[in-house]
Amino acid sequence: MIRYKCKGCNAVLDINQVLEAKNPFCSDDIIRGCPQCFDIENFQAMCYDSDCMNTATSGFTKGDEYVFACSHHYKVRNDT
């Protein structure tokens, strides 16, 4: 599960909750916003572990997708 933390209001959001719209300044680009405070492009990736509230510091490939991990869960993954 991909999650992001809004740096504007600290809301933790599933990727499906993040608002998306065409960028009015570049038609080929999409901008993303927080549905709670409406801050734009002010997110930090969260650890893939749904019980973890740490922000991601790195990532790795898990199956067919790339996931973000905090330093603890990245280390746990590499120690197994």
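This is a predicted model: local features need pLDDT of at least 70, side-chain atom pairs count only at pLDDT 80 or more; totals for chains, interfaces and linings use all residues.

Student: Where is Arg3 placed?

Tutor: Arg3 sits in strand E1.

Student: Is Arg3 buried or exposed, and which side chain of opposite charge is nearest?

Tutor: Here's the general idea: side chains of opposite charge can pair when their charged atoms come close. Now the case here: Arg3 is buried but has no salt bridge. The nearest side chain of opposite charge belongs to Asp49, 6.3 Å away, while a salt bridge needs the nitrogen and oxygen within 4 Å.

Student: What else is Arg3 in contact with, leaving aside neighbours within four places in sequence?

Tutor: Quite a list! Among them are Val12, Leu13 and Asp14, and also Gln44, Ala45 and Met46. Cys52 and Asp49 are on that list too.

Student: How should I read the sheet around E1?

Tutor: In general, strands of a sheet pair through backbone hydrogen bonds, either parallel or antiparallel. In this model, three strands make an open sheet in the order E2-E1-E5, with antiparallel pairing. Strand E2 (12-14) and strand E5 (43-45) are the edge strands, each pairing on one side only. On average, neighbouring strands of this sheet are turned by 35° against each other, direction ignored.

Student: How many bridges join E1 to E2?

Tutor: Three bridges join E2 to strand E1, which covers residues 3-6. To find one on screen, pick Lys5: its bridge partner in E2 is Val12.

Student: What do E6 and E7 form?

Tutor: They form a hairpin, with two residues between the strands. Gly63, in the turn, has a positive phi of about 70°. Strand E6 (residues 58-62) and strand E7 (residues 65-69) pair antiparallel over five bridges. As a landmark, look for Gly59, which stands opposite Phe68 in E7.

Student: Why does Glu20 count as exposed?

Tutor: Because its relative accessibility is 51%, and exposed means over 50%. Arg32 has a relative accessible area of 31%, so Arg32 is partly exposed.

Notes
Residues are numbered from 1 along each chain as its sequence is written. Side-chain values use heavy atoms; hydrogens and water are left out. Two strands pair if DSSP finds at least two bridges between them. Helices (H or I, at least four residues) and strands (E, at least two) are DSSP runs, numbered from the N terminus. Axes are lines fitted to C-alpha atoms, for helices over the stretch in contact, and angles run from 0 to 180 degrees between N-to-C directions. Buried means under 20% relative accessible area, exposed over 50%, partly exposed in between (1.4 Å probe, protein chains only). Lys and Arg count as positive and Asp and Glu as negative; His and the chain ends are not counted. Contact means heavy atoms within 4.5 Å.
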